[in-house]
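Q: Could you walk me through this model, term by term? I'd like to know the cut-offs as we go.

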Amino acid sequence: MSGDPYTPQSGDTSFDVESYDLELDYRVRTNRLEGHATINAVAAAAISTIGLDLIGLRATRVRVDGDRRTKYTQGPRVLRVTLPHRLAAGERFSVEVVYAGTPGPRRSRWGVIGWEELDDGALVASQPTGAPTWFPCNDRPDDRARMRIAVTTDAGYLAVPTGRPISRSSRAGRTTVVAESAVPVATYLAAVHVGHYEQSDLAGDERVRLFTPPALRAPAADAFAPVPQMLALFEDVFGPYPQEDCALVVTPDELEIPLEAQGMAVFGVNHLEPEEQRLIAHELAHQWFGNSVGIGRWRDIWLNEGFACYAEWLWSEASGAATLAQEAVAHYARLRALPKDLVLGDPGPELMFDDRVYKRGALTLYALRCELGAEPFARLLREWTATHQHGLATDDDFRHLAAQIAGRDLAPLFTAWVDERSLPRLPKLAAG
Ligand SMILES: [Zn+2]
């Protein structure tokens with residue numbers, strides 16, 4: 001049974017994963033990945049087989065609950081595992097998969113995604129369906145799980161996995177890094193970055209760990225100098241920083257866009273320019289919106305991107321650049337000139353990462369801010385992040401909470417901004 005209608009070839013709704021334990025060994029020069037995954041799961045229905053998403057890597061051993069007789073077949077996208085016994089809904093089981101191969105990104109309607117070799121290293125950019133290019137998983141946005149990732153890689157390289165760092169050890173010149181996420185992680189937000197990285201601290205916030213090639217250490221420290229103020233601003237507006245880690249990775253390669261991952265953000269060398277500062281704010285904001293308050297269905301993507309874009313505008317104002325209102329007016333004018341063929345609340349898979357989702361999403365929040373007033377809107381944001389911290393939320397949940405805090409029906413506003421294609425009038429922000 002497949003999962004999300006936007007990604008119908010991914011995921012299996014007949015079971016839910018509770019934890020992934022990944023032991024990875026990566027050789028940079030030959031781009032060879034060997035993995036040992038232990039997946040603890042619970043049956044969501046009566047099941048006798050399950051499908052794990054796995055792409056471009058070959059499973060060589062599969063065992064369910066340690067049973068050597070476990071049968072499996074592997075197709076181009078799915079590893080189908082026959083359970084030794086039929087399981088009833090609610091029963092727990094564990095799948096062990098030994099696998100290996102030459103990982104590479106998969107082609108998708110959103111471009112090439114997943115594990116990707118760099119000139120001298122590798123990165124993971126999975127959103128939305130790239131995770132199976134590096135580990136077997138139930139690749140559904142609504143199936144978040146705890147994670148432990150151990151990565152061993154070559155001398156001179158450092159692997160940076162998502163999660164709270166647990167240990168780093170070296171043997172025979174190769175280094176193993178172990179990280180754990182006790183908070184639930186969506187498969188698309190798990191990542192490993194491998195390169196000639198060195199770790200450094202960021203002045204002003206001891207939670208932040210920087211990973212850069214040595215030559216980029218100083219430019220990265222400059223580019224990220226505002227991060228402590230950004231985090232302070234967002235903690236003030238959105239509530240306490242919700243993640244166990246805050247790792248900022250800078251690749252020596254240029255990247256088209258920065259990437260968010262659980263407790264981590266990844267930038268290309270090109271994103272260290274001062275004019276790209278808004279992108280740093282954007283990626284940090286995803287730690288609240290997307291990575292803590294998660295969406296269980298891709299149609300709700302505006303809840304991730306609209307909030308992250310709104311956060312860019314908040315930072316702009318706080319840093320003395322354009323005010324929130326100026327940003328709203330400018331982006332509203334740009335949106336007016338673009339085709340009005342997008343429904344924010346259900347943009348469809350083709351348009352889910354369209355820039356209009358980001359900007360119209362942020363404008364929806366701005367309209368709500370105008371409608372509610374500063375204090376109730378502030379309460380809405382904080383209650384939203386607190387109520388759904390490390391949980392899943394929907395567009396409907398947001399509408400209900402907003403109406404509850406406003407104490408009145410907000411359906412006309414949401415219908416106009418989220419359900420309809422035409423662009424409503426932009427309200428004016430009252431002073432104060
Ligand atoms: Zn984003």
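A: Let me start with strand pairing: two strands pair if DSSP finds at least two bridges between them. Helices (H or I, at least four residues) and strands (E, at least two) are DSSP runs, numbered from the N terminus.

Q: Before we go on, what kind of model is this, and how are the residues numbered?
A: This is a predicted model, in which local features need pLDDT of at least 70 and side-chain atom pairs count only at pLDDT 80 or more, while totals for chains, interfaces and linings use all residues. Residues are numbered from 1 along each chain as its sequence is written.

Q: ok, which strands make up the open sheet, and in what order?
A: The open sheet has three strands in the order S3-S6-S5, and the pairing is antiparallel. Strand S3 (47–53) and strand S5 (71–74) are the edge strands, since each pairs on one side only. On average, neighbouring strands of this sheet are turned by 20° against each other, direction ignored; axes here are lines fitted to C-alpha atoms, for helices over the stretch in contact, and angles run from 0 to 180 degrees between N-to-C directions.

Q: Zooming out, how many helices and strands does the protein have?
A: There are nine helices and 22 strands in the protein. The C-alpha atoms fill a box of roughly 70 × 50 × 35 Å along the principal axes. The radius of gyration, taken over C-alpha atoms, is 22 Å, which agrees with the value near 22 Å for a compact globule of 432 residues; the globule rule is 2.2 Å times the number of residues to the power 0.38.

Q: What share of the residues is buried?
A: Buried residues make up 47% of the 432 residues, where a residue is buried if 20 or more other C-beta atoms lie within 10 Å of its own, exposed if 12 or fewer, and partly exposed in between, with C-beta atoms placed from the backbone.

Q: And which domains is the protein divided into?
A: The division is into domain 1 (1–113 + 120–193), domain 2 (197–284) and domain 3 (294–419), with bounds that come from an automatic or database domain assignment. The centres of domain 1 and domain 2, taken over C-alpha atoms, are separated by 26 Å.

Q: How many residues are in contact between those two?
A: 15 residues of domain 1 are in contact with 14 residues of domain 2, where contact means that the C-beta atoms, placed from the backbone, lie within 7 Å. On the side of domain 1 that touches domain 2, strand S10 (121–125), strand S12 (158–161) and strand S14 (174–185) each supply at least two residues, and the largest share, four residues, comes from S14.

Q: What is that side like by class?
A: It has 10 nonpolar, four polar and one charged residues, counting Ala, Val, Leu, Ile, Met, Phe, Trp, Tyr, Cys and Pro as nonpolar, Asp, Glu, Lys and Arg as charged, and the others, Gly among them, as polar.

Q: Switching to backbone geometry, where is there a cis peptide bond?
A: A cis peptide bond joins Gln127 and Pro128, with omega about 0°, and Pro128 is placed in the loop between S10 and strand S11 (145–153).

Q: Which residues other than glycine have a positive phi?
A: Among them are Asp65, with phi near 50°, and His390, with phi near 55°. Most residues other than glycine have a negative phi, and most peptide bonds are trans.

Q: What does Thr385 touch?
A: Thr385 lies in helix H7 and is buried, with 21 other C-beta atoms within 10 Å. Not counting residues up to four places away in sequence, Thr385 touches Phe238, Gly239, Trp288, Ser292 and Val293.
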